[in-house]
Amino acid sequence: MNKQHNNRIGIKAWLNPWRYGIERFAYWLMRITGVGLLVYFIMHIYETSSILDGKEIWNKMLDLTQTPEGHLILVLVIGMSTFHTINGIRIMLGHGGIGVGKASRPDYPYAPKSQNMKNKLCIYASIGLAALAMLYSVEVMFGE
Amino acid sequence: MIRESMIMKIHYATALGSVALVVIHVLFRLTQNFHDSLKFDNVITNYSLLPYSILLELILILISIHGFNGLRVILLELNQGQKYETIITYGCLASMIALITYGSRTILMTSMGMI
């Protein structure tokens, strides 16, 4: 009878952003920002539903959310959505075969052609543009 | 059951659609001072515009589909198994329908002046 080894690393492997370079970091960040944005979206739907209870309750909800802490959360959401959007477009193009290079014989050191400089630059650009969007949103929300 | 390749096409289409619509939604907040745009009367005026209400409803549907399908994909990457996959798929579908229903209630009632 074959002995089965439980060698599944599970979430520990999923959370390791360092071992596989910037692509792994982007993979990890894409999922974290996705979950973060979904949580924010659910909270936003709940928050806006308070308008049905009238002006007083709406203003109370605004008092809760329109605070420096609330604005910081919004700044984070803007950064997450910018990264998620730009990196998402990169992934879509990659799945369509754009920017991943032509298929060829694998040779030493077996560097995957799909993980080329174009893709790496796109990931860095996603992170950079997310930072710029966050700076702009700080200006809009705290600069008034 | 829909093929996974078709689900990914829907995932990408909802992503592109929601990005375009969310940009308009955010620009609406920036047509005036950010804090003023959130005042009760301003928000009610926004909802009373039919095209804006339709925009909000579309954003709600597109992001709910995209978000809960994304969550389903993440959870299926973490673990596999027939029972687990069925629970995750139907759980995400049910959550998506619940969120769309709850959000639509707000949009419909506010745009029809039922507050």
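Buried residues make up 22% of the 115 residues in chain B. Here a residue counts as buried if 20 or more other C-beta atoms lie within 10 Å of its own, exposed if 12 or fewer, and partly exposed in between, with the C-beta atoms placed from the backbone. In chain A, the buried share is 19% of 144 residues.

A word on what you're looking at: this is a predicted model, where local features need pLDDT of at least 70, side-chain atom pairs count only at pLDDT 80 or more, and totals for chains, interfaces and linings use all residues. Residues are numbered from 1 along each chain as its sequence is written, while chains are lettered from A and ligands numbered from 1 in the order in which they are written.

**The two chains**

Chain B has five helices and zero strands, and chain A also comes to five helices and zero strands. Helices (H or I, at least four residues) and strands (E, at least two) are DSSP runs, numbered from the N terminus. Read along the sequence, chain B goes α-α-α-α-α, and chain A reads α-α-α-α-α.

Here are the overall numbers for each chain.

Two residues are in contact if their C-beta atoms, placed from the backbone, lie within 7 Å. Take the contacts in chain B with a separation of 6 or more: residues 24 or more positions apart account for 73% of them. In chain A, that figure is 69%.

**How confident is the predictor?**

The model scores ipTM 0.95 and pTM 0.90. For single residues there is pLDDT, the predictor's confidence in each residue, from 0 to 100. Chain B has a mean pLDDT of 94, with 100% of its residues at 70 or more. Within chain B, α2(B) has the lowest confidence, at a mean of 83, and α5(B) the highest, at 97. Chain A has a mean of 89, and 92% of its residues reach 70 or more. Among the elements of chain A, helix α1 (residues 11-14) has the lowest mean pLDDT (72), and helix α4 (residues 68-95) the highest (96).

**Where the chains meet**

On the chain B side, 22 residues are in contact with 26 residues of chain A. Five helices of chain B each supply at least two residues to this side: α1 (4-29), α2 (34-37), α3 (40-48), α4 (50-78) and α5 (82-111). Sorted by class, the side of chain B that touches chain A has 15 nonpolar, seven polar and no charged residues. For that count, Ala, Val, Leu, Ile, Met, Phe, Trp, Tyr, Cys and Pro are nonpolar, Asp, Glu, Lys and Arg are charged, and the others, Gly among them, are polar.

**A closer look at α5(B)**

α5(B) has 30 residues and spans 43 Å from its first C-alpha to its last, close to the expected 44 Å. That expected span is 1.5 Å times one less than the number of residues in the helix. Its buried residues are I88(B), C92(B), M96(B), L99(B), G103(B), T106(B), I107(B) and T110(B). What covers them includes α2 of chain A, along with α3 and α4 of chain B. Just after α5(B), G113(B) takes a positive phi of about 75 degrees.

Start with T33(A), in helix α2 (residues 21-48) of chain A. T33(A) counts as buried because 23 other C-beta atoms lie within 10 Å. Setting aside residues up to four places away in sequence, T33(A) touches M80(A), F83(A) and H84(A). T33(A) and A131(A) are 98 residues apart in sequence and 14 Å apart in space, C-alpha to C-alpha.

Now try H25(B), which sits in helix α1 of chain B. H25(B) has 15 C-beta neighbours inside 10 Å, so it counts as partly exposed. Leaving out neighbours within four places in sequence, H25(B) is in contact with L55(B) and I59(B).
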